[in-house]
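Please read it alongside the sequence and coordinates displayed below.

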Amino acid sequence: MPTTFELELQSALPDNTVTFGEAIESKYWHDWSGLAPVQPLALVRPRTTQDVSIAMALCNERRIALVPQGGLTGLAGGAQPVAGGVAMSLERMSGVEEIDAVMGTMTVLAGTRLSEIQDAAEAAGLYFPLDLGARGSCSIGGNLSTNAGGNRVIRYGMARDQVLGLEYVLPDGTIVSSLNKMIKNNAGYDLKQLFIGSEGTLGIITRVVLRLQAKPISVATAMCGCPDYEAVLTLLKTARAKLGPSLSAFEVMWPSFVDCMTNGLPQLRKPFAEAHGVYVLIEASGFREEGESAHLEACLSTLLEDGVVNDVVIGASERDAKELWALRDSVSEYPKVLGAVIGFDIGLPTTLMGEAVDRVQREVKAQWPDAHVLCYGHIGDSNLHVVVNVPSAGAHQPHSEVDALVYELVRSMGGTISAEHGIGLVKKPFLSFTRSPEEIALMQRIKAALDPHNVLNPGKVF
Ligand SMILES: Cc1cc2nc3c(=O)[nH]c(=O)nc-3n(C[C@H](O)[C@H](O)[C@H](O)COP(=O)(O)OP(=O)(O)OC[C@H]3O[C@@H](n4cnc5c(N)ncnc54)[C@H](O)[C@@H]3O)c2cc1C
């Protein structure tokens with residue numbers, strides 16, 4: 001027998017918008033965090049902002065939790081449904097509405113996949129620089145709600161930096177349309193910033209005006225084998241100085257990561273015949289008629305002569321470059337290579353990263369001698385990913401013990417427990433390791449002001 005709320009929800013929305021109970025496909029029960037799936041009471045798949053507003057207002061009135069979902073690739077559990085609550089997938093609100101080549105903007109619906117946005121920008125002769133391994137599945141609404149980072153932050157900034165305007169629905173159902181296209185707009189508070197990075201706890205993003213960039217005419221890619229982390233720091237400093245704004249990616253991988261992934265995935269090629277202390281994937285992109293390769297190669301050859309870099313592989317063709325990136329992008333294959341993993345997205349001052357990697361590898365292995373501890377990250381942005389797998393623990397990985405160890409290390413080194421994935425459910429107990437009591441209290445005051453009944457994505461972040 002449907003409840004009154006279920007009948008109200010169904011009759012308030014167009015046909016085929018709501019699904020209940022057992023009929024909800026299990027893919028909506030969980031995100032990529034690895035947390036146990038939760039079957040929601042109802043799944044709402046709106047087609048318009050008006051539908052979003054109606055469903056949200058009803059949930060608010062009836063005090064039913066509502067969890068926004070994008071591509072469900074989030075790694076922090078932010079999109080996990082709440083038992084007895086509504087999950088709202090934005091997947092049907094997908095598509096590019098307008099590209100304004102003069103203003104350099106693109107207006108899109110929140111459920112649009114990141115790769116679709118990248119392709120549409122390219123087709124218009126422009127460039128959308130936000131890029132991450134989940135590009136084919138994640139949505140721009142999810143990217144903004146998590147303030148995603150990814151591979152090109154070093155040059156273009158995070159998701160937040162790509163946004164000019166936003167439309168969103170507040171927890172009481174109010175639609176706020178602020179589809180600004182101007183770069184300069186200081187008329188009062190910049191409200192959109194509240195909704196970017198707040199993990200769907202303050203409003204549901206429905207439409208976005210993105211800022212597009214000129215498409216670089218040439219891209220050069222190289223993999224470097226360095227003796228140690230000190231050398232990586234010299235490489236970073238030199239690349240910044242010599243390549244300037246052309247430096248568009250600086251991805252670092254420790255041998256633990258490179259060996260595990262190349263051994264586990266036969267399609268991946270080892271970048272070098274010999275082993276090195278640390279590996280760096282470096283990319284330069286720009287507008288020089290003669291291309292970027294000569295500049296990148298000149299920069300790296302001096303470093304080779306100085307012994308800062310032991311060996312270099314240049315991605316001579318687009319295919320070679322893709323092959324080099326394939327190693328870095330292989331992170332989606334952990335389930336195949338390792339099975340269950342405990343993942344971290346920490347931030348530390350770049351200068352301390354080498355020490356942090358040594359410490360985390362040593363301390364984890366001291367307690368779990370058979371553990372794999374894979375380290376890699378967007379080091380130019382002070383962002384390190386650590387992935388732990390204890391083979392002897394099988395499906396029951398020691399999550400809480402490893403979390404406590406890694407986050408304590410982050411706290412002791414003045415880092416952040418989340419550089420780009422957000423807090424969600426997974427990192428909630430550790431928020432105070434990075435944010436002060438005053439900061440957390442202010443976050444809670446903002447949440448209470450916008451969502452007094454705590455219906456929008458309750459229990460996430462804090
Ligand atoms: C293989 C792989 C590689 C990844 N690489 C990176 C990386 O390099 N950098 C990085 O930052 N992340 C990375 N991620 C994490 C993930 O892709 C990002 O967090 C992404 O931004 C999530 O987008 P989504 O659409 O999948 O969001 P979801 O997982 O569906 O949701 C994420 C959060 O946003 C909220 N949300 C979703 N849509 C909306 C909306 N329209 N309005 C309000 N709230 C909403 C949800 O409630 C949840 O809190 C990776 C994930 C995978 C699986």
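1. Arg359 and Glu363 form a salt bridge, with their closest N and O atoms 3.3 Å apart; the term denotes a side-chain nitrogen of Lys or Arg within 4 Å of a carboxyl oxygen of Asp or Glu. Both residues belong to helix α12 (residues 353-367), where they are four residues apart, about one turn of the helix. Helices (H or I, at least four residues) and strands (E, at least two) are DSSP runs, numbered from the N terminus. Arg359 is partly exposed at 22% relative accessible area, and Glu363 is likewise partly exposed, at 27%. Here buried means under 20% relative accessible area, exposed over 50%, and partly exposed in between, with a 1.4 Å probe and protein chains only.

2. On provenance, this is a predicted model, in which local features need pLDDT of at least 70 and side-chain atom pairs count only at pLDDT 80 or more, while totals for chains, interfaces and linings use all residues. Residues are numbered from 1 along each chain as its sequence is written, and side-chain values use heavy atoms, with hydrogens and water left out.

3. Glu408 is partly exposed, with a relative accessible area of 35%, as is Arg411, with 39%.

4. Which strands does the salt bridge between Arg207 and Glu97 tie together? The side chains meet at 2.7 Å, N to O. Arg207 lies in strand β10 (residues 204-211) and Glu97 in strand β5 (residues 96-100), so the pair links parts that are 110 residues apart in sequence. Arg207 is buried, at 19% relative accessible area, whereas Glu97 is partly exposed, at 41%.

5. The structure holds 21 salt bridges. Asp131, Arg135, Arg152, Glu283 and Asp329 are linked in a network of such bridges.

6. The ligand is surrounded by 36 residues, the closest being Pro68, Gly70, Thr73, Gly74 and Ser139; a residue is near a molecule if one of its heavy atoms lies within 4 Å of it. By class, this shell has 13 nonpolar, 21 polar and two charged residues. Ala, Val, Leu, Ile, Met, Phe, Trp, Tyr, Cys and Pro count as nonpolar, Asp, Glu, Lys and Arg as charged, and the others, Gly among them, as polar.

7. β3 (66-69), α4 (140-145) and β10 each supply at least two residues of the shell, and α4 gives the most, with four residues. Domain 1 (96-214) and domain 3 (338-421) each contribute at least three residues; domain bounds come from an automatic or database domain assignment.

8. Oxygen atoms of the ligand lie 2.8 Å from a polar backbone atom of Gly71 and 2.9 Å from a polar backbone atom of Leu72. A nitrogen atom of the ligand is 3.0 Å from a polar side-chain atom of Glu420. The protein covers 97% of the 970 Å² of accessible area that the ligand has on its own (Shrake-Rupley method, 1.4 Å probe).

9. Asp345 lies in strand β16 (residues 342-347) and is buried, with a relative accessible area of 1%. Its side chain reaches the backbone nitrogen of Glu420 at 2.8 Å. A polar contact of 3.1 Å also joins the side chains of Asp345 and Asn383; such a contact is a pair of N or O atoms within 3.5 Å, and within protein one must be able to donate a hydrogen and the other to accept it, while residues adjacent in sequence count only if both atoms are side-chain atoms.
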